[in-house]
Amino acid sequence: MNKIEEIKEYISLLENSSLSVLEIEKEDGTKIHLEKEHPAQQIFNASPIGAYQPTATDVPAPAPVQPQAPAAQPAAPEEDAKTVNAPIVGVFYAASAPGKAPFAPVGKKVSKGSTVCIIEAMKCMNEIQAEDDYEIVEVLVKDGDLVEYGQPLFKVK
């Protein structure tokens, strides 16, 4: 077998296997090193970072400017009004189960450490507890609503 046929056989062996590298050192001291290129590498190495240059057709036309009505004056904030905010992203539940009484209805005085609601995140039910003693003035979200991190859930005093 000549050297070219031998190398072709090694290439075929590498291509038809799950190996990514094949190194052979022959008795006469000849070394052969073959490596497969992975499809994922080809995709990621296809163009260098920053090579994309937007063209005029890639940029959307600016939206027409419309005059805006003057903003409504915000209501004066209540002196003692604070909010209890969502500590995580998830689904808000006011009660432990459908049809059960809510943990913190309007007018309820809650004490530090008591559960005020549940937020479900990734199939985990997280009990949200009061960080202080206060009274629920208003519930700002509906049962089953998706809430964002930091979103106000309750207005309290």
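**A sheet and one of its loops**

Author: Of the contacts in the protein with a separation of 6 or more, 47% are accounted for by residues 24 or more positions apart, where a contact means heavy atoms within 4.5 Å. The model is predicted, so local features need a pLDDT of at least 70 and side-chain atom pairs count only at pLDDT 80 or more, whereas totals for chains, interfaces and linings use all residues. Residues are numbered from 1 along each chain as its sequence is written, and side-chain values use heavy atoms, with hydrogens and water left out.

The protein has two helices and ten strands, taken as DSSP runs numbered from the N terminus (helices H or I, at least four residues; strands E, at least two), and along the sequence they follow the pattern α-β-β-α-β-β-β-β-β-β-β-β. Of its 157 residues, 19% count as buried, a term that stands for under 20% relative accessible area, with exposed meaning over 50% and partly exposed in between (1.4 Å probe, protein chains only).

The part to examine belongs to an open sheet of four strands, ordered β7-β6-β4-β9 with antiparallel pairing, and its edge strands, each pairing on one side only, are β7 (124-129) and β9 (146-147). Two strands count as paired if DSSP finds at least two bridges between them; in general, the strands of a sheet pair through backbone hydrogen bonds, either parallel or antiparallel. Strand β6 (residues 115-121) is joined to β7 by six bridges, the two running antiparallel, and Cys117 has Ile128 in β7 as its bridge partner.

The loop between β6 and β7 holds Met122 and also Lys123. Most residues other than glycine have a negative phi. Met122, however, is not a glycine and has a positive phi of about 55°, while Lys123, likewise a residue other than glycine, has a positive phi near 70°.
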